[in-house]
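Please read them alongside the sequence and the coordinates.

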Amino acid sequence: MMENLEKKKKKVLEIIKIFDEVYGDADCTLDYTSALQLLIATQLAAQCTDARVNLVTPALFERYKTVQDFAEADPEELSEYIRSTGFFRNKTKNIIGCCQKLISDFDGEVPQTMEELLTLPGVGRKTANLVLGDVFGIPGIVVDTHATRLSNRMGLTTNKDPYKIELDLLKIVPAEKQSHFCHCLVFHGREYCDARKPRCSECPLSHICPQKL
């Protein structure tokens, strides 16, 4: 078991080295200028592409500039701003509820711990880890569809449950590299490791990936 873990750690270091060369400037693909904006944009990205969210948020953040604005938003009006992201009624409810709780429990500020973030409506571990890593510099593993697909294909985990994948990757990805590693997984998933038609023959990781599709 330990030997297998050590092998995975070495593999991850090799993957990171390649990622740094290919995606050195990889960053969050959601547009934001504050912790609140990233918190809301990530909620909108559930079952929606980041590209679509980035089309919606300029007008949204122009209309709702503060946590108070969102907390006091008219649900019907807010729904119209985010309608194209899908599941807009549930997202509207969560965003308003989230911002109301930020005001009542956290003085209107986005908290900086996993435990506190998870008390907010509409916020799960993926959203929390993204905010913690990108805004506050706190290491964490963001498990989205890309991380799930690629970590399985590359032999870093055999789990499908996001939390179990997170725990597996936490054991083998160096803390200081975790946020950037997860962003690179997104870039690599889009560029080479597509869910339906992966470009294995062109992939810079093909020599260390056990799964040729």
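**Notes on the predicted model**

1. Serine 151 sits in helix H9. The model is a predicted one, and in it serine 151 is buried, with a relative accessible area of 0%. Leaving out residues up to four places away in sequence, serine 151 touches His146, Leu156, Thr157, Ile165 and Leu169.

2. H11 gives the largest share, five residues. The pocket has a volume of about 850 Å³.

3. There are 33 residues in the lining of the largest pocket, and Ala45, Ala46, Cys48, Lys126 and Asp144 lie nearest its centre. By class, the lining has 13 nonpolar, 13 polar and seven charged residues.

4. The whole structure holds two cavities of 30 Å³ or more. Helix H1 (2-22) and H11 each contribute at least two of the lining residues.

5. Which residue forms a salt bridge with aspartate 20? The partner is lysine 177, with the closest N and O atoms 3.2 Å apart. Aspartate 20 belongs to helix H1 and lysine 177 to the loop between helix H10 (162-172) and H11, so this pair ties together parts that are 157 residues apart in sequence. Both ends are partly exposed: aspartate 20 has a relative accessible area of 30%, and lysine 177 has 29%.

6. Helix H1 also contains lysine 9 and glutamate 6, three residues apart and so separated by about one helical turn. Their side chains meet in a salt bridge at 3.6 Å, N to O. Lysine 9 is partly exposed at 30% relative accessible area, and glutamate 6 is partly exposed at 35%.

7. Eleven salt bridges are found in the whole structure. Among them, arginine 83 and glutamate 80 meet at 2.6 Å, N to O. Arginine 83 is partly exposed at 39%, as is glutamate 80 at 47%. Glu191, Arg199 and Glu202 are linked in a salt-bridge network.

8. In soluble globular proteins, nonpolar side chains tend to be buried together. Here the largest nonpolar core has 66 residues, and those with the most contacts inside it are Leu39, Ile40, Leu60, Phe70, Leu78 and Leu102. Beyond its neighbours within four places in sequence, leucine 78 is in contact with Leu60, Tyr64, Phe70, Ala73, Thr92, Ile95 and Ile96.

Conventions
Residues are numbered from 1 along each chain as its sequence is written. This is a predicted model: local features need pLDDT of at least 70, side-chain atom pairs count only at pLDDT 80 or more; totals for chains, interfaces and linings use all residues. Side-chain values use heavy atoms; hydrogens and water are left out. On a 1 Å grid over the protein atoms alone, a cavity is a set of points where a 1.4 Å probe fits but cannot get out, and a pocket is an open set with protein on both sides within 12 Å along at least five of seven lines; lining residues have an atom within 4 Å of a point. Grid points are joined across faces, edges and corners, and a volume is the space filled by probe spheres set on the points. Helices (H or I, at least four residues) and strands (E, at least two) are DSSP runs, numbered from the N terminus. Ala, Val, Leu, Ile, Met, Phe, Trp, Tyr, Cys and Pro count as nonpolar, Asp, Glu, Lys and Arg as charged, and the others, Gly among them, as polar. A nonpolar core is a set of buried Ala, Val, Leu, Ile, Met, Phe, Trp, Tyr and Cys residues joined through side-chain atoms within 4.5 Å. Buried means under 20% relative accessible area, exposed over 50%, partly exposed in between (1.4 Å probe, protein chains only). Contact means heavy atoms within 4.5 Å. A salt bridge is a side-chain nitrogen of Lys or Arg within 4 Å of a carboxyl oxygen of Asp or Glu.
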